[in-house]
Amino acid sequence: MIVSGAVSGHMSVILHFPSEMETNGNSLSTSYHEVSRQIDDGREIDALRYVFELPPEELDILRNNPLKVVDAIDEFGTSKFLQNVGRHKGQLVTEQIRNVQPGTMVELGSYIGYSSVLFGYYVRAYGPKGAKLISIEHNPLFGAITMAFIELAGLKDTVDVIIGGSTESIRRLHDQGRLDSIDLMFMDHLRPLFLTDLKLAETLRLIHPGTLVIANKILKPGNQAYLRYLRLPTEEKQYESDLKKDRIGDWRYCYDSTMIETIEPTGTKVRSSSLACVGFPRPY
Ligand SMILES: C[S@@+](CC[C@H](N)C(=O)[O-])C[C@H]1O[C@@H](n2cnc3c(N)ncnc32)[C@H](O)[C@@H]1O
């Protein structure tokens, strides 16, 4: 199914969703184990060991081959659930990378680097020369595992893994002159921080007309504050920001947004828990 979304902003988006046939086809057949959604119980290190302890000839095939690294992580995920974007949402985001062709993409929440490897590959393929993915993860163990997979995939030149909280890291990178503009932002971290971090990016003038913001799992467990902010007319935003003396964020930004139904890595079509939101700030 091909679906068009959010076309009244600066850019039109064609979002492609896997059909039933594609989801059951070879390349997308890997489904994650539904049973336990536990994280941080040692499974992330197990995933690292699983990949790096493959027989040498198999590991060699993965070297400098990002999509094979993603396949290997998926292989592990079929026995123990990993909380990554998975194939279907991954495909959705990579199609946006192809549309936006970002010079700078920021990912908030790397986990063990599945999405960092996948998106890094497409940022290098479709972005301009020197394009970067900055992937921020606050759990040092997960960040270190991400770094190991990025190195294995041969993406060290494209992907900067930053270990630290999203808000502090965005501010620090900006202050250090390492982040002055964001073309595509993928928020997949702590939901209450989606709005905080978007507003910070506005305040720091990192968001610009044409920036695409994708927020994962926006409806369930829910992020009404974020959705409300995206949809509020600028006059109301100005009124609220004056009222609250809220100096974070910039009420002059205006977003078009669209909800997207996606499929969980488990293969289950969970309508409400896997929606993404895409916003385009307009010039003012
Ligand atoms: C759903 S996982 C990310 C999955 C990853 N994007 C992927 O698809 O492979 C969410 C991650 O966000 C991280 N996280 C939570 N709060 C964070 C914060 N404030 N800053 C950065 N990372 C955070 C968690 O440690 C976790 O690894």
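What is the mean pLDDT of the chain, and what share of its residues reach 70 or more? I looked this up first: the mean pLDDT, the predictor's confidence in each residue from 0 to 100, is 83, and 80% of the residues reach 70 or more. Over residues 1-29 the pLDDT is below 50, and this stretch has 46 contacts in the model beyond near neighbours in sequence, a contact being two residues whose C-beta atoms, placed from the backbone, lie within 7 Å. Residues 270-274 also stay under 50. I note that where pLDDT is low, the predicted coordinates should not be read in detail.

Conventions. This is a predicted model, in which local features need pLDDT of at least 70 and side-chain atom pairs count only at pLDDT 80 or more, while totals for chains, interfaces and linings use all residues. Residues are numbered from 1 along each chain as its sequence is written.

Ligand. I found 20 residues around the ligand, the closest being Asn-84, Gly-109, Tyr-111, Ser-115 and Ser-166; a residue is near a molecule if its C-beta atom, placed from the backbone, lies within 6 Å of it. Helix H6 (114-126) and strand E4 (132-137) each supply at least two residues of this shell, where helices (H or I, at least four residues) and strands (E, at least two) are DSSP runs numbered from the N terminus.

Helix H7. I checked the length of H7 (residues 140-153): at 1.5 Å a residue its 14 residues should span 20 Å, and its end C-alpha atoms are 20 Å apart, which agrees; the expected span is 1.5 Å times one less than the number of residues. Among its buried residues are Phe-142, Ile-145, Phe-149 and Ile-150, buried meaning 20 or more other C-beta atoms within 10 Å of a residue's own, exposed 12 or fewer, and partly exposed in between, with C-beta atoms placed from the backbone. The cover over the buried residues of H7 includes helices H2 (43-52), H3 (56-62) and H4 (66-77), together with H6, E4 and strand E5 (159-163). Just after H7, Gly-154 takes a positive phi of about 75°.

Val-117. Leaving out residues up to four places away in sequence, I listed Pro-66, Val-69, Val-70, Phe-149, Ile-150, Ala-153 and Leu-155 as touching Val-117.

Gly-103. Is Gly-103 buried or partly exposed? I found Gly-103 in the loop between helix H5 (86-100) and strand E3 (104-108), partly exposed, with 16 other C-beta atoms within 10 Å. Beyond four places in sequence, Gly-103 is in contact with Gly-127, Pro-128, Ala-131 and Asp-183.
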